[in-house]
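Dear colleague,

I am handing over the structure below, and my notes on it follow. Please read them with the model open beside you.

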Amino acid sequence: MIVPSTDGRSVLVGRRTVAGEPPTWSLPGGKVDGPGESFQAAAARELAEETGIVLPAASMTVLGVVLDHLDGRPRLTAAVLAPPSDAEARVTEPHACAGWERVPLDALPEPMFGPSGWVLAQWLPTGPALPEGVHAYGVSATG
């Protein structure tokens, strides 16, 4: 999920260090835990679990979803925008993240974890193009 700073000039990213994968930069995120958990509730829960930052699920906005099959299986990623926050992020899952930083929107670090980059592309007006085989679907204003 995207956690912008209160001045809107930076975003929270972590140094992703998952065993068996090359290190990348990543937005906070994770999976829906089970039936009945919304994208917003999952985003709020994952943010608290991964960073210690607590923001209400009701303040999360789903911008759209991104579908890819790049790993040989379908993966659906919700692009969720959190309310602006300057709260300090803590490393709570050292097996998956080596640290959190707020980075300027015009200087995003590379390499970016694919789904994180695709989510940012749904939010930033000048976001990168999606690679072949990745499809984005926005959320309509009427729900």
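In helix α1, the residues A42, A43, A44, R45, E46, L47, E50 and T51 are buried, where buried means under 20% relative accessible area, exposed over 50% and partly exposed in between, with a 1.4 Å probe and protein chains only. The model is predicted, so local features need pLDDT of at least 70 and side-chain atom pairs count only at pLDDT 80 or more, while totals for chains, interfaces and linings use all residues. Residues are numbered from 1 along each chain as its sequence is written, and side-chain values use heavy atoms, with hydrogens and water left out.

Helices (H or I, at least four residues) and strands (E, at least two) are DSSP runs, numbered from the N terminus. The cover over the buried residues of α1 includes β1 (10-16), β4 (75-81) and β5 (97-104). Just after α1, G52 takes a positive phi of about 80°.

Strand β3 (residues 61-68) pairs with β4 in the antiparallel sense over 7 bridges, pairing being assigned if DSSP finds at least two bridges between two strands. Within this pair, T61 stands opposite L81 in β4, and in the hairpin of β3 and β4, which has 6 residues between the strands, G72 takes a positive phi near 85°. Strand β3 is also joined to strand β6 (residues 134-138) by 5 bridges, and these two run antiparallel; in β6, A136 is the bridge partner of V66.

Finally, L76, which lies in strand β4, counts as exposed because its relative accessibility is 55%.

Technical notes. Contact means heavy atoms within 4.5 Å.
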